[in-house]
Amino acid sequence: MTKFIFMRHGQSTGNVEHILSHEVGPFPLTDLGREQARSQKDHPALACEIAHVFVSPLTRTRQTYESIASVNDCVANAPMTIDERIRELGMGGIRGKSLQDAENLRLWQESYVTPRDNGDYDARPAGNGETFNEMRARFADFMIDAIEKFPDQTVMAVSHMDPIIAADSVFLSVRGENRELAAPKNAELVTFELNADDIAELTPIAKMRYN
């Protein structure tokens with residue numbers, strides 16, 4: 001059984017400004033965001049040996065990893081890899097725009113959030129963004145890889161809210177469970193377990209086209 005620990009990044013300047021972005025460079029963590037990450041140092045999920053840590057390439061996730069690793073030896077002692085498969089949702093034409101603007105908020109909700117919440121996983125954010133199913137595909141691929149390389153071990157992934165929602169959706173599909181999807185707060189941890197027998201269920205999801 002492979003245990004997955006997904007951690008959302010701490011508060012970023014983009015969160016404060018309500019700006020959507022999937023680009024690597026902009027929107028670092030705020031001082032509060034760094035403290036949120038460090039505050040998880042005694043979380044029970046991080047009290048065990050971690051075989052590997054995977055980190056989204058964006059600045060806010062890399063800084064979250066650096067912050068938690070600075071106070072938690074289990075994280076600090078594990079090998080770390082930047083992995084594109086756990087990066088932020090591709091925002092399309094809404095990238096870099098503030099949701100404090102009513103029109104941007106309307107586009108975001110009508111083109112992606114509302115359809116996704118109603119079960120339309122092929123809805124595409126305005127301006128040719130990434131669909132929820134495409135994001136689920138890359139996470140399923142990530143999970144298969146982790147199960148094969150780290151059986152009966154724990155892996156950690158530092159990612160983003162929408163991708164962790166997608167990961168949870170994949171987990172529920174594999175388990176055949178029906179509950180509200182996890183929507184983690186800044187620096188929150190979400191855990192679940194999968195094993196080699198689950199690869200058969202993960203493979204069709206991973207074969208969906210993704211960017």
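Strands themselves are DSSP runs (E, at least two residues), as are helices (H or I, at least four residues), and both are numbered from the N terminus. The structure described here is a predicted model, in which local features need pLDDT of at least 70, side-chain atom pairs count only at pLDDT 80 or more, and totals for chains, interfaces and linings use all residues. Residues are numbered from 1 along each chain as its sequence is written, and side-chain values use heavy atoms, with hydrogens and water left out.

Because six of its seven residues are buried, β1 is largely enclosed by the rest of the structure. Buried means under 20% relative accessible area, exposed over 50%, and partly exposed in between, with a 1.4 Å probe and protein chains only.

Leaving aside residues up to four places away in sequence, aspartate 162 touches Glu88, Leu89, Trp108, Tyr112, Arg116, Phe132 and Met135, where contact means heavy atoms within 4.5 Å. Arginine 138 and alanine 206 are 68 residues apart in sequence, yet their C-alpha atoms are 6.2 Å apart in space.

The axes of helix α2 (residues 31-38) and helix α3 (residues 59-69) come within 8 Å and cross at roughly 50 degrees. Axes are lines fitted to C-alpha atoms, for helices over the stretch in contact, and angles run from 0 to 180 degrees between N-to-C directions. Angles under 35 degrees count as roughly parallel, over 145 as roughly antiparallel, 65 to 115 as roughly perpendicular and the rest as oblique; α2 and α3 are therefore oblique to each other. The contact is made by Arg34, Ala37 and Arg38 of α2 and by Gln63, Thr64, Ser67 and Ile68 of α3. These residues divide into two nonpolar, three polar and two charged, where Ala, Val, Leu, Ile, Met, Phe, Trp, Tyr, Cys and Pro count as nonpolar, Asp, Glu, Lys and Arg as charged, and the others, Gly among them, as polar.
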